[in-house]
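Reader: I would like to learn how to read the features of a structural model such as this one, taking them in turn. Could you give me the general idea each time, and then the case at hand?

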Amino acid sequence: MRKKTILDLYKMKETGEKAVWVTAYDSCFASYAEKAGMDMILVGDSMGMIVYGYEGTIPVTMDMSINHCQAVRRGAPNTYIIGDMPFGSYHESPQDAVRNAVRFMKEGDVDAIKLEGGVAVADKIKAISQAGIVVFGHVGLTPQSSASMGGFKAQGRTTDSARNVIKDAIAVYEAGARCVLLEGVPEEVCSFVHKILPIPVYGIGAGADTDGQVLVIGDALGMFEAFTPKFSKKYAEIAKIATEGFSEYIKEVKEGSFPAPEHKYKISGEMSDFEKLFKEMEDEFKK
């Protein structure tokens, strides 16, 4: 399997082939995604909820993100990986944004970075792009700004809101982003952005008229039980399978049926020799 490049993503847009990506945070699940043929993996700040149990993404730090990028890269060495810049890692200044984006490239071994926002972060996108780093923009429902939005609420549902989403998408493109992700917007809004922008336009909860889709692994595989977004689909029920597996494990240990003979190691030699050893060690221990 050959790792895709940004040029491959543009070629896929030209030919109409949809790009498929998913979030992942560890080597194990990243390896499953690569084996399945996933085009891209986003090491998303959704790790705050999926991995660490926070209520949102705000507590995620640069060090946490870098560590998970490293793990994902080890599990998926031949997959295009995007590092998700956490809250506070690019807001202070363009210089701060570039410094942290460089950390993702050098320490996290990613192929691109993603950051949230449109008009408000255009100067940061421009600076990072000019540093030679591929930037994925992210507009619409931006989880890092959910507090100012009144929660995880869809955007672009009124004409005024749609105008702001479109302006943000255009600003991201004009600042130098090579791709843009639209989250939580009506399909009509995403379709318009897809129509006017020459860069790949991806969606999560933005309808089908896109150049590809991304889902959060906890939603797609049924791992995260706190809530399931309207736009997501469960392709597996890992939480159910894991709970049932743990229940059976607990039952077998409690009743003494595990470990069974096939799970035990055999001694090498005569049992009488071991009995003699045990007697010697017991007598020595009692002295």
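Author: What follows goes through charged pairs, helix packing, a surface patch and some backbone details. Please keep in mind throughout that this is a predicted model.

Reader: Let me begin with charges. How many salt bridges does a search of the whole structure find?

Author: The general idea is that side chains of opposite charge can pair when their charged atoms come close. In this structure, a search of the whole model finds 16 salt bridges. One of them joins K3 to D111, with the closest N and O atoms 2.8 Å apart. That pair links distant parts of the chain, since K3 sits in the segment before α1 (6-15) and D111 in the loop between α5 (94-108) and β4 (112-116), 108 residues apart.

Reader: Which residues are linked with K3 in a network of salt bridges?

Author: The network links K3, R73, D109 and D111. The side chains of D111 and R73 meet in a salt bridge at 2.8 Å, N to O, and this pair too links distant parts of the chain, with D111 in the loop between α5 and β4 and R73 in helix α4, 38 residues apart. R73 also meets D109 in a salt bridge, at 3.5 Å from N to O. Because R73 lies in helix α4 (residues 62-75) and D109 in the loop between α5 and β4, the pair ties together parts that are 36 residues apart in sequence.

Reader: How should I read burial for these residues; is R73 buried or exposed?

Author: The cut-off to hold in mind is that buried means under 20% relative accessible area and exposed means over 50%, with partly exposed in between. R73 has a relative accessibility of 8%, so R73 counts as buried. D111 counts as buried as well, because its relative accessibility is 16%. K3, by contrast, is partly exposed, with a relative accessible area of 29%, and D109 is partly exposed at 42%.

Reader: Turning to helices, at what angle do α5 and helix α6 pack?

Author: The angle is read between the N-to-C directions of the two axes, and angles under 35 degrees count as roughly parallel. For α5 and helix α6 (residues 122-130), the angle is about 50 degrees and the axes are 8 Å apart, and these two helices are therefore oblique to each other. α5 passes α6 in a right-handed crossing.

Reader: And how do the axes of α6 and α8 cross?

Author: The axes of α6 and α8 come within 8 Å and cross at roughly 25 degrees, so these helices are roughly parallel to each other. The crossing of α6 past α8 is right-handed. Helix α8 (residues 159-175) also packs with helix α9 (residues 187-196), where the axes come within 10 Å and cross at roughly 30 degrees. That makes α8 roughly parallel to α9, and α8 passes α9 in a right-handed crossing.

Reader: On the surface, which residues form a nonpolar patch?

Author: A patch is read as a group of neighbouring surface side chains, with nonpolar ones joined within 5 Å. Here F246, Y249, I250, V253 and F258 form a nonpolar patch, with about 490 Å² of accessible area together. F258 lies in the loop between α11 (238-255) and α12 (271-286), and F258 is partly exposed, with a relative accessible area of 30%.

Reader: Finally, what should I look for in the backbone, and which peptide bond is cis?

Author: Most residues other than glycine have a negative phi, and most peptide bonds are trans. The peptide bond from F258 to P259 is cis, with omega near 5 degrees, and P259 is found in the loop between α11 and α12. As for phi, D109 has a positive value of about 55 degrees although it is not a glycine. D109 lies in the loop between α5 and β4, and D109 is one of the residues in the salt-bridge network described above.

Methods
Residues are numbered from 1 along each chain as its sequence is written. This is a predicted model: local features need pLDDT of at least 70, side-chain atom pairs count only at pLDDT 80 or more; totals for chains, interfaces and linings use all residues. Side-chain values use heavy atoms; hydrogens and water are left out. Patches are made of residues with over 30% relative accessible area and no salt bridge: like charges are joined within 9 Å, nonpolar side chains (Val, Leu, Ile, Met, Phe, Trp, Tyr) within 5 Å. Accessible areas come from the Shrake-Rupley method with a 1.4 Å probe; for residues, only the protein chains shown count as cover. A salt bridge is a side-chain nitrogen of Lys or Arg within 4 Å of a carboxyl oxygen of Asp or Glu. Helices (H or I, at least four residues) and strands (E, at least two) are DSSP runs, numbered from the N terminus. Buried means under 20% relative accessible area, exposed over 50%, partly exposed in between (1.4 Å probe, protein chains only). Axes are lines fitted to C-alpha atoms, for helices over the stretch in contact, and angles run from 0 to 180 degrees between N-to-C directions. Angles under 35 degrees count as roughly parallel, over 145 as roughly antiparallel, 65 to 115 as roughly perpendicular and the rest as oblique. A crossing is left-handed if the near helix is turned anticlockwise from the far one by less than a right angle, and right-handed if clockwise.
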